[in-house]
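Biologist: Hey, can you walk me through this one? I'd like to talk about charged pairs and pockets.

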Amino acid sequence: FIEEIKNDIEFKLVRQNEIDSIYWPRLDTITHGYINWLWHLDSILLFINAFDNPYQGALTFLNGFKVHLKNCKIIKDKVFHPFQTGLIYKKSKLELFVSSAEGTLIIKEVISEEGENIFNKIKIGERFYTPTQFLDKSLATKIVFTPEGKKAFNN
């Protein structure tokens with residue numbers, strides 16, 4: 001492709017079929033990366049994966065502090081009552097086991113806002129949760145990246 005450009009090869013332009021077109025605005029991890037623990041487990045995992053490396057990780061709260069989750073997977077071994085969603089029910093040396101109504105979210109990395117991996121500080125019985133005002137703000141905010149930097153607009 002680059003060689004064709006260098007050699008002044010003309011390209012045939014093809015108009016996009018607007019009937020089939022779809023537009024998705026840009027996402028920003030700090031604005032839109034909040035986990036809604038009421039979603040289906042598969043959707044939670046896909047969301048966390050979307051904000052995983054090279055990004056900072058999906059956002060939620062633990063003990064009143066904002067944390068980023070990374071390196072997760074699910075197993076559909078047990079089902080829990082929906083009220084138990086987000087509770088850490090088991091911990092191994094490398095994994096946290098978090099309950100949901102459809103199975104278990106296994107988390108290997110929990111990063112503080114300061115960038116510290118706090119996995120070893122987390123205890124069984126603690127809960128990941130996201131206050132609704134953070135979910136509402138993430139849905140109501142559109143991010144536009146300009147030459148001057150990121151700009152937020154409320155819908």
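Biologist: What do the side chains of E3 and K6 meet in?

Modeller: They meet in a salt bridge, at 3.8 Å from N to O. A salt bridge here is a side-chain nitrogen of Lys or Arg within 4 Å of a carboxyl oxygen of Asp or Glu. Before we go on: this is a predicted model, where local features need pLDDT of at least 70 and side-chain atom pairs count only at pLDDT 80 or more, while totals for chains, interfaces and linings use all residues. Residues are numbered from 1 along each chain as its sequence is written, and side-chain values use heavy atoms, with hydrogens and water left out.

Biologist: How many residues apart are E3 and K6 in helix α1?

Modeller: They are 3 residues apart, so about one helical turn separates them in α1, residues 2-6. Helices (H or I, at least four residues) and strands (E, at least two) are DSSP runs, numbered from the N terminus.

Biologist: Is K6 buried or exposed?

Modeller: K6 is exposed, at 58% relative accessibility. The cut-offs are under 20% relative accessible area for buried, over 50% for exposed, and partly exposed in between (1.4 Å probe, protein chains only).

Biologist: Which residues are linked with K108 in a network?

Modeller: K73 and E95 are linked with K108 in a network of salt bridges. E95 is buried, at 16%, and K108 is partly exposed, at 32%.

Biologist: New topic. What volume does the largest pocket have?

Modeller: About 270 Å³. On a 1 Å grid over the protein atoms alone, a pocket is an open set of points where a 1.4 Å probe fits, with protein on both sides within 12 Å along at least five of seven lines; lining residues have an atom within 4 Å of a point. Points are joined across faces, edges and corners, and the volume is the space filled by probe spheres set on them.

Biologist: Which residues are closest to the centre of the largest pocket?

Modeller: Of its 17 lining residues, those are L27, H32, L135, S138 and L139. Helix α4 gives the most to that lining, with 4 residues.
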